[in-house]
Amino acid sequence: MAAENPVESLQEEATCPVCLEYFTEPVTLECGHNFCRVCISQCWEGSDTAASCPQCRQTVQQRNLRPNRQLANVLEIAKRLSLQAAKGAGGDGVCERHQEALKLFCEEDQTPICVVCDRSRAHRAHTVVPIEEAAQEYKERIQAHLKTLREEREKLLGLKVTAEGKSQEYLKQTETERQKIVSQFQQLRQFLKEQERLLLAQLEKLDEEIERIQNENVSKLSEEISHLSELIGETEGKCQKPASEFLRDVRSTLSRWEKGKFQQPEEISPELEKQVSGFSQKTIVLLEALRKFKGT
C-alpha cells in the first residue's frame, strides 16, 4: 500500500528493491523494472546472457540494460524534498548517506537512522524505535545518573569543607607550637649564655688562683736555690782550708747549714683540686645533656 505522505511515496519509488536503499546508477530491464547497476549485476552473477528479473521473474537479456537517467533525476529531487521536509519539521538530524531525517533509533547499533536505513540490510533485523521515544528513555536514564552524580558531588563538597576546616585547625596548632618553640629556644639561649658566662668566670678565677700559687712557689724556690748555692760555695771553700783552720768554728758552720735547710714549696690545696675536678664533671654532664638533646 502506498504511503499517504507524498514525500514518503516518492522515497519508496526511489528505492532499489534489492538493497532497499536509494538507487545508485539506476538501470531499467526489458520488463520495465529498475535496479541499481551493482545490485542487478550481483543477482545475475554466474548467469549467461539471459537471466530472470528479481521482481517479476521474467527472463530478460542482460545486454539490454539501459541507464535510467530520468529516474536518476527523480532520485535527486526525492533527496532534496526529503531534506526540506526534515528541515521543515524542525529536525536538525539528517542522514549523511540518504539525506533523510533521522526519525528512528537503532537499539543494536545505538545510533539514529532514517527510514531508508531501516529498510536496508544493515538494520533490517534490528530493533528500531521512534527517535523521540528513544530520546525520552535515554533522558530518563541520564537524569537518574545525573541525580547520582549530583549527590556524589555534594558528598565530595562536604568532605572538602571538612578537610579544609581540619587543615586550618592543624595550621593553627602548628603556629602555636612554632611560637612556643621560638620562645623556649630564646629562653634556652639566654640561660645557656648566662651559664657560659658564669662557668667561664669561675674558670678565670681558678686560673688566677693557680697562677698565684705557681708564682709564689717559683719565687720561693728561686730564693732557696740562691741561698743553697751560696752555702754550697762557702762550704766548699772551707773544705779546702787546712785542718786547723777548717775545724775552727766548725760548730757554727754546721749550725748555719741546719738553719738554712730547704723548705718545701706550697702545694695546691685539696679544695683547689676539687674545683678543677668539679669542672671536669660539669663538662661531662654538659656533653651528655647535649647528646640527649641532639637525639631528641
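The model is predicted: local features need pLDDT of at least 70, side-chain atom pairs count only at pLDDT 80 or more, and totals for chains, interfaces and linings use all residues. Residues are numbered from 1 along each chain, and side-chain values use heavy atoms, without hydrogens and water.

**The sheet.** Three strands form an open sheet in the order β7-β6-β8, with antiparallel pairing. Strands are DSSP runs of E, at least two residues, and helices are runs of H or I, at least four. Two strands pair if DSSP finds at least two bridges between them. β7 (111-113) and β8 (128-130) are the edge strands. Between β6 and β7 there are three bridges. C106 has T111 in β7 as its bridge partner.

**The aromatic pair.** The whole structure holds one aromatic pair. Rings of Phe, Tyr and Trp (its six-membered ring) pair if their centres lie within 6.5 Å; planes under 30 degrees apart are stacked, over 60 edge-to-face, the rest tilted. F105 lies in strand β6 and Y138 in helix α5, so the pair ties together parts 33 residues apart in sequence. Buried means under 20% relative accessible area, exposed over 50%, partly exposed in between (1.4 Å probe, protein chains only).

| Residue | Relative accessible area | Class |
|---|---|---|
| F105 | 10% | buried |
| Y138 | 19% | buried |

**The pocket.** α5 (131-239) and α8 (270-295) each supply at least two lining residues of the largest pocket.
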